[in-house]
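This report describes selected backbone and side-chain features of one protein model. Please keep the sequence and the structure in view while reading.

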Amino acid sequence: MKNANKNTALAVIMLITSMSIFGTIGLLRFYINLSSSLIALSRAVIGSVFLLVIMLIKRTKPNFLQIKKNAIPLLISSLALGFNWVLLFEAYSYLSVASATLIYYLAPTLVIFISVPLFKDKLSLKHIICAIISLVGMVLVSGVIESGFSINFIGISLALGAMLLYATVVILNRKSNSVPSFDRTFVQLVIASLVLLPYVLITDKTLFYGANGLSIGLLVCAGIVHTGIAYVLYFASVGTLKSHTVAIFSYIDPTLAVILSFTALGEEFSIFSVIGAVLIIGASLISEIKKQNKNTQLPLNN
């Protein structure tokens with residue numbers, strides 16, 4: 001019993017650490033003077049190399065049989081993962097880190113509704129109420145109340161696009177749940193790298209030109225720490241903890257992003273934004289409580 005409690009406590013620590021790392025990605029993006037697509041590509045490449053090193057150290061191999069069986073959903077989810085990062089990082093350039101992150105975190109609410117026709121999940125009254133509350137929160141966070149319709153539609157569109165791709169990844173991960181989580185993430189990062197490379201070469205003419213030492217250092221940090229290490233800690237914890245426990249602790253990510261947006265970056269945060277943040281995070285959190293579906297594939301956050 002003591003060993004079980006010790007393992008659970010260690011898993012919780014690893015999960016909290018991974019979610020805290022994910023929650024600081026917006027802070028890193030703020031100080032990296034490179035294109036969003038190049039940051040996404042670099043993160044995918046460095047992250048996939050890091051996971052490959054972990055597999056070599058552990059002397060494990062991906063489950064190629066299951067990967068082959070789920071080739072189509074893995075391919076599509078890989079595309080969604082790569083361009084999800086591109087849109088989210090670009091949204092940070094137009095919106096505050098807090099606003100972009102909170103809009104992005106409407107994805108779990110969207111997944112709940114999509115899962116009804118796809119997986120025959122039951123939609124409870126609690127889920128409907130939480131979805132409505134989340135949407136109200138998004139309106140408040142968007143700034144439409146303070147400024148009428150003179151809001152940053154480009155930034156909001158980018159954040160919503162990232163949110164849709166995030167939801168796509170979650171749904172397709174559930175479709176390919178026979179593939180081990182570690183293997184699936186490794187494959188997704190590799191494919192995302194291969195897809196983003198030609199996109200970056202075509203769209204980004206400057207590449208690393210003009211990048212300072214801080215940007216390069218933070219870029220490496222995003223690949224090793226925010227992708228490789230964070231995902232290793234995440235997967236090591238989810239195998240021990242219950243799915244609803246993981247889902248609840250996952251909201252450390254957006255909460256920390258909001259706090260850092262206000263404190264470290266000094267971004268403006270009105271009373272409406274505060275209320276909206278509470279509504280989005282609170283509603284999403286409540287909707288996950290007591291949700292213990294063992295088949296649910298938990299999302300990779302940022």
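Is Arg-59 buried or exposed? In this predicted model, Arg-59 is exposed, with a relative accessible area of 78%, because that value lies over the 50% cut-off for exposed residues. Arg-59 is placed in the loop between helix H3 (36-58) and helix H4 (64-69), and its phi is near 55°, a positive value in a residue other than glycine.

Most residues other than glycine have a negative phi. Leu-207 likewise has a positive phi, of about 50°, although it is not a glycine; this residue lies in the loop between helix H11 (181-203) and helix H12 (213-238). Leu-207 counts as partly exposed, at 29% relative accessibility.

The accessibility values of the residues treated in this report are collected here.

| Residue | Relative accessibility | Class |
|---|---|---|
| Arg-59 | 78% | exposed |
| Leu-207 | 29% | partly exposed |
| Phe-30 | 46% | partly exposed |
| Tyr-31 | 39% | partly exposed |

Turning to the aromatic side chains, a search of the whole structure finds 11 aromatic pairs. One of them is formed by Phe-30 and Tyr-31, whose rings are arranged edge-to-face, with 5.1 Å centre to centre and 80° between the planes. Phe-30 is partly exposed at 46% relative accessibility, and Tyr-31 is also partly exposed, at 39%.

A contact of another kind involves a charge and a ring: the charged end of Arg-43 sits over the ring of Trp-85, at 4.2 Å from the ring centre.

Definitions and conventions
Residues numbered from 1 in each chain as written. Predicted model: local features only at pLDDT ≥ 70, side-chain atom pairs only at ≥ 80, totals over all residues. Heavy atoms only, no water. Helix = DSSP H or I, 4+ residues; strand = E, 2+ residues; numbered from the N terminus. Buried < 20%, exposed > 50% of the residue type's maximum accessible area, 1.4 Å probe, protein only. Phe/Tyr/Trp six-rings, centres within 6.5 Å; stacked < 30°, edge-to-face > 60°. Lys NZ or Arg CZ within 6 Å of the ring centre and 35° of its normal.
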